[in-house]
Each structure stands twice: as structure tokens, then as C-alpha cells.
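This report considers a pocket and the nonpolar packing of one protein model. The structure is shown first.

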Amino acid sequence: MNKIPARHILAICGTALGAFYLGSYAERRQGNNVNENTLKLHLPGLPTFSTVSAATLIPANEANVSATPSRISQIMKYGFPGLDHVRSHADYVLSYDRRNRVPHWVFEHLTAQTVAKNDAVDRAKSEFRQDESIHPFFRAQNTDYRRSGYDRGHMAAAGNHRLHQKHCDETFLLSNMAPQVGQGFNRDAWNTLETHVRKLTNVYANVYVCTGPLYLPHKEDDGKMYVKYEVIGANTVAVPTHFYKVIVGESAPDQKLHMEAYVMPNKVISNDTPLSVFQVPPETVERAAGLLFFDQLNKKQLASINGRKV
């Protein structure tokens, strides 16, 4: 029996492997009924590296058409907290938690211009809608929140994105939401924190903020620690026990950086509770979230944390 040359075997294997992947790709596209235009529209802008580090320009063919590589690099100037299912939009970037149907984190870059009142932008024209860039298995839908007792709480606040109507509209994607207690939290204490962040643009030339949910343990009657949280709707959207914001203000004259970190429980909070009560060391948020915030920040530029000099 004649031996087949090794190069012929490699060629045959390569052809077969290529045909297999091509066939699998075709099946997936046919099964999901996705056309070429849809694919182009919903491809997320992803970092071009495999570890957490500072932002680099993203090739145009990899970026969501609503976001430019330069804007993504501005937003993610000090690094990505994590790289799980990253989605880039015109004015913010998020990492989506497919299991819990809420974000892992949402990153924003704010200036006095982006948060200024703009009569051309009307929040009332924006509609809550599912994020079609997320696989249907892992999407949250409006029906999940209906009669749940929870608000659709913005992680990237609509009030932070007033430069264009499109920017505001994109904050209403459900991938940017997490269930929040309404009266006494989302509409009150959490809103107070969001307003505080916007006011920081009057102090700093650039404000960077990372926001997300936490699922913190608590001790029960048996003395053991548990992580327990409610889920809502047919898609079992997780209700976080807490929420965090980690903020960096960049001063213009000396390029000094000022960091603040907050953790708030997802429950009714008295209106007379000062925000300082919720300030925490940034590393405690990192440990709880399993993320690294602003890891590309030059520590020599860091002037203060929660108002205290470092």
C-alpha cells in the first residue's frame, strides 16, 4: 500500500477543517436568521489585548458603528476592569454579565460639556429596550421588570449623556440596567450620588466613573455567611444586593488625580444620610466585584482618595 506524503495529509486535513468551520458558521447564521447588516451593526468594540491594561485603538472593522475607536480610548484611558463580554456604545463602555442579565461594570468619561443641559436632547424620547447585540438566551426584557417591584436602574446615567440624543437613547438599553429599589433608592439616594458625580465636572476637567452591581454576603441565624439575591422575570434577572461607583477626577492644571469610591445597599435609604457614609476604600470594591479599577493609573499622579491625601 503506497504511503500518502505528509504534505498531502496536511492539505486534506486543512481543507476538511476549513469546511467544518465554514459549515458550522453557515448553520449558526441560518439558525439565528442573522443578515450581514445585522452582524455589522451589533459587533461590539473589544479591546485588542488579552489582559487588563490601558485602552488602545480598536480597528474600525471590530468596533460597533455607534462608537469610534478614539472615543473608546478616551473612556477607557485608565484600563479595562475586566474583559468579559465587552460592549462599546457611542458614549460609554460596558461588560455584560450573561448569567445575571445585568452589567459587570459600566465605564463613562464625563466633562462639563457632556453633562450640560441641552434642549436638543430629551430623555422623554428615549425608550427602554432590549439589547439585540446580546444573544437571546442572555437578554433582559422589559417584561422581566414589569410588576417586579423594581425600577430599571441605569448604570450609565441618562443625565450623564446630554451631548446627543443618540447618547441618551443608548443608556436605555436593558444591558445598561439592573433592578433597583425605586422609591428611597433609585429615585433618591442613588440619584443623589449620580448628581454628585455630575457636579464633579465643575471641579475636574475630566471625570471617569465605573459603576456596577455587587452581591455581598451576610450572616444568617445559623452563624454562616451566605450570598443570596432575588431574581425577577422569565429571564431570571438578578437583583443585586449593593451597587458601587468608583470615580477618578482629573484636574487640568497639574494633572493630579482624585479618587472616590462608594458602595450603597439596594434598599430604601433615608434622605438625610450623607454620601460620605457610603465611601469605602477602592480595594474593598475590587475584592467584592472581582475587578481591578483604574489599574493603568499612574500612582504618582494620585493626590487623594475619598478626600484624604495619599
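Strand β4 (150-154) and helix α8 (189-199) each supply at least two residues of the lining of the second largest pocket; helices (H or I, at least four residues) and strands (E, at least two) are DSSP runs, numbered from the N terminus. The largest share of that lining, three residues, comes from α8. A pocket here is an open set of points on a 1 Å grid over the protein atoms alone, where a 1.4 Å probe fits, with protein on both sides within 12 Å along at least five of seven lines; lining residues have an atom within 4 Å of a point.

The model is predicted: local features need pLDDT of at least 70 and side-chain atom pairs pLDDT 80 or more, whereas totals for chains, interfaces and linings use all residues. Residues are numbered from 1 along each chain as its sequence is written, and side-chain values use heavy atoms, with hydrogens and water left out.

Of the 18 residues lining the pocket, Arg123, Ala157, Ala158, Gly159 and Arg198 lie nearest its centre. The lining divides by residue class as follows.

| Class in the lining | Residues |
|---|---|
| Nonpolar (Ala, Val, Leu, Ile, Met, Phe, Trp, Tyr, Cys, Pro) | five residues |
| Polar (the others, Gly among them) | five residues |

Thr211 lies in strand β6 (residues 206-214). Because its relative accessibility is 0%, Thr211 counts as buried (under 20% relative accessible area, 1.4 Å probe, protein chains only). Its side chain makes a polar contact (N or O atoms within 3.5 Å, one able to donate a hydrogen and the other to accept it) with the side chain of Lys245, at 2.9 Å.

Key:
Buried < 20%, exposed > 50% of the residue type's maximum accessible area, 1.4 Å probe, protein only.
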